[in-house]
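Please open the structure in your viewer and follow the selections below in order.

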Amino acid sequence: MIENVLVRKNLSFKARITVKSSIALGVVALAVILPQLLHLALGVSGGVKWLPMYLPVLIGGCILGWAWGLGVGIASPIVSFLITLAFGNPMPALGRLPFMIVELAVFAAVSGLFSKKIAKNGWMAFPAVLLAQVSGRTVFMLLVLIFQSVTPFTPAVIWSQIQTGLLGMVLQAVLVPFIIMGLNALLNKANTEE
């Protein structure tokens, strides 16, 4: 989505990289800050229910495309872990970190595959987000099934967490597309005014 705008503005490759890097950094920062705020307000159970890190990652995928989205999906849990580790309470926990890296990478990459279609038709954000959510959660469950002998997670535990987070997923499946459609409309309006 952003790439289309940058190309229309005829920006150089270096300028496009600078803009996308800035947006990616902002998305990762939001993916670190939003869970902290939610945990302060609602406790750890609020994070499992509302899945605050997923929201900015889905947005990042939709606006940045699959490659940059993949980077945001990988970086977000790692940066969050490293920053919160410095304060003695790492989030996500070390045992969950590899699973979240893969899950959020899938979220962002799949939603990012729709980026060009979203630029043409903002409503494409709905299938982008839904497919990303289903794909990410499915990959997470498959990883747990494959590695359950060496991880503290069991399929039953993860299935329970998926059920707990269902309300957050549904809310994001509605909220993220409307955010993306709003951004898309603003970008298109700014483009037509030039």
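Begin by selecting S111, which is found in helix α6 (residues 97–112); helices here are DSSP runs of H or I with at least four residues, numbered from the N terminus. This is a predicted model, in which local features need pLDDT of at least 70 and side-chain atom pairs count only at pLDDT 80 or more, while totals for chains, interfaces and linings use all residues. Residues are numbered from 1 along each chain as its sequence is written, and side-chain values use heavy atoms, with hydrogens and water left out.

S111 has a relative accessible area of 0% and is therefore buried (under 20% relative accessible area, with a 1.4 Å probe and protein chains only). Its side chain reaches the backbone oxygen of F107 at 3.0 Å. Leaving aside residues up to four places away in sequence, S111 touches L58, G61, C62, A128 and A132, contact being heavy atoms within 4.5 Å.

Next, select helix α4 (residues 54–64), which is largely enclosed by the rest of the structure because 11 of its 11 residues are buried. Among these buried residues are L58, G61 and C62. Just after α4, look at G65, which takes a positive phi of about 95 degrees.

Finally, display helix α2 (residues 13–42) together with helix α5 (residues 66–85), which pack at an angle of about 45 degrees with their axes 9 Å apart; the axes are lines fitted to C-alpha atoms over the stretch in contact, and angles run from 0 to 180 degrees between N-to-C directions. To see the contact, select residues including A24, V28 and A31 of α2 and V72, A75 and V79 of α5.

Definitions and conventions: Helices (H or I, at least four residues) and strands (E, at least two) are DSSP runs, numbered from the N terminus. Buried means under 20% relative accessible area, exposed over 50%, partly exposed in between (1.4 Å probe, protein chains only). A polar contact is a pair of N or O atoms within 3.5 Å; within protein, one must be able to donate a hydrogen and the other to accept it, and residues adjacent in sequence count only if both atoms are side-chain atoms.
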